[in-house]
Amino acid sequence: MSVKNILSVNPIFYSVIKKIINIKKNNKYNKELESISKIDSIRDYDLFKITIQRFINNNIPTTYASYGSEAYYYGYYNEIIQYSGVDFTCIPLIPNIEHGIKFDGTQWYYQRNSISFAAQGPYRKKDIHDIDPWKLVFIVGPYIHYARKFYSIELEQEYKTKYKKILLVFPSHTSEWDKENGTNNDNFIDVIYNKYSWRFDTVMVCAYWNDVNAPLFEEFKKRGAIIVSAGFRGDKQFISRLKTIISLSDAVVGDDIATNIGFCMYLKKPFYLERGT
C-alpha cells in the first residue's frame, strides 16, 4: 500500500503529517483567528469588516490544516460537544460535520478518511451509505438547536429596546472557492424597502464574512439599514452569533434557498423568500 493510501485511511497519521507540513501556516491562522474572534461582529461590524480583509485577500490561510478541520467551521462541533456535556479531551477523533443542506441532486464531496459523519437530515445517510455502507452517520437535526446565544438576556433586551421591531435580511453569499455565487437579484433592495420595511422599525442585514466588500451592503446602509455579521467561518462563536441575530429579528427575508431558512423555521421566525430577476 502506498504512503498516500495509508494516510487516506488512517486519520491520526493523516492529521499528524498534515499539521507538521503546515505548522507555519497553522500558527499564523490561529494567531489571526484568536484576534478576530474577540470582535463583536454584531455591534461592531465596521471593525470586523476592516479586520477580515486579511482573510479575504488571502494574506492569512482561511482554514486550519489537519484531520477534521472542517468540523470546526461555524462552531457547529464546538456547540454540539458542549451541549452533550462531554469533555473535549475525551473525544480524540471528530466527525466530518456537513455544513449545509443539499437542495438538489448534486453529489457532495465525500471524505473517505473521516471516522464518521454528522449531518442535519436523514437524506444524507443514504447518499453516504451508497458509497460506504459501513460508515457511521449521525443525524443530529438543525445545528442551531445546540448553540448557546452570543448575548445574555439583558443584552438582547437592550438591543431590542434600541431597534424595536426588526426585519432581518439574508442576502445569498459567495465562498472563497466560488466568487461567482452570491446575490444576483438586482431589485432585492427595492423589494425589501417597498414590500417589507414599512412594517418594521429596523432593517438589519446579515453579511457573510467573504462578502463584506460587496456594494450591496453599502446600498443597504444608504437606505438606513444596519449591517451585522455572524463572524468569520473559522470562529467557533459563529453559530452563537447567528442564533442571536435570528433571535433578535421579528421576521426574515432571503433571496435564495439556504441553510438559514431551516434555522429560522426552527427558531420560529417567519421567513419570506424573494427570488427576483
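The accessible surface of the chain comes to about 14800 Å², with 55% of it belonging to carbon and sulfur atoms; areas were computed by the Shrake-Rupley method with a 1.4 Å probe, and for residues only the protein chains shown count as cover. The model is predicted, so local features require pLDDT of at least 70 and side-chain atom pairs pLDDT 80 or more, whereas totals for chains, interfaces and linings use all residues. Residues are numbered from 1 along each chain as its sequence is written, and side-chain values use heavy atoms, with hydrogens and water left out.

The chain has 12 helices and 8 strands, taken as DSSP runs (H or I, at least four residues, for helices; E, at least two, for strands) and numbered from the N terminus. Of its 277 residues, 51% count as buried, that is, under 20% relative accessible area, with exposed meaning over 50% and partly exposed in between (1.4 Å probe, protein chains only). Among contacts (heavy atoms within 4.5 Å) with a separation of 6 or more, 62% join residues 24 or more positions apart.

Helix α11 (residues 238-248) is largely enclosed by the rest of the structure, because 11 of its 11 residues are buried. These include the charged residues R241 and K243.

K269 lies in the loop between α12 (259-266) and β8 (271-273). K269 is buried yet forms no salt bridge, defined as a side-chain nitrogen of Lys or Arg within 4 Å of a carboxyl oxygen of Asp or Glu. The nearest side chain of opposite charge, D250, is 5.6 Å away; Lys and Arg count as positive and Asp and Glu as negative, while His and the chain ends are not counted. Beyond its neighbours within four places in sequence, K269 contacts I246, S247, S249, V252 and C264.

The whole structure contains 18 aromatic pairs, meaning rings of Phe, Tyr and Trp (its six-membered ring) with centres within 6.5 Å; planes under 30 degrees apart are stacked, over 60 edge-to-face and the rest tilted. The rings of Y29 and F55 are edge-to-face, with centres 6.4 Å apart and planes at 90°. This pair links distant parts of the chain, 26 residues apart: Y29 in helix α3 (residues 23-37) and F55 in helix α5 (residues 53-56). Both Y29 and F55 are buried. The rings of Y72 and Y77 are likewise edge-to-face, at 5.5 Å and 85°; Y72 is partly exposed, with a relative accessible area of 40%, whereas Y77 is buried at 3%. Ring pairs also link Y29, F55, Y64, Y208, W209 and F232 into a cluster.
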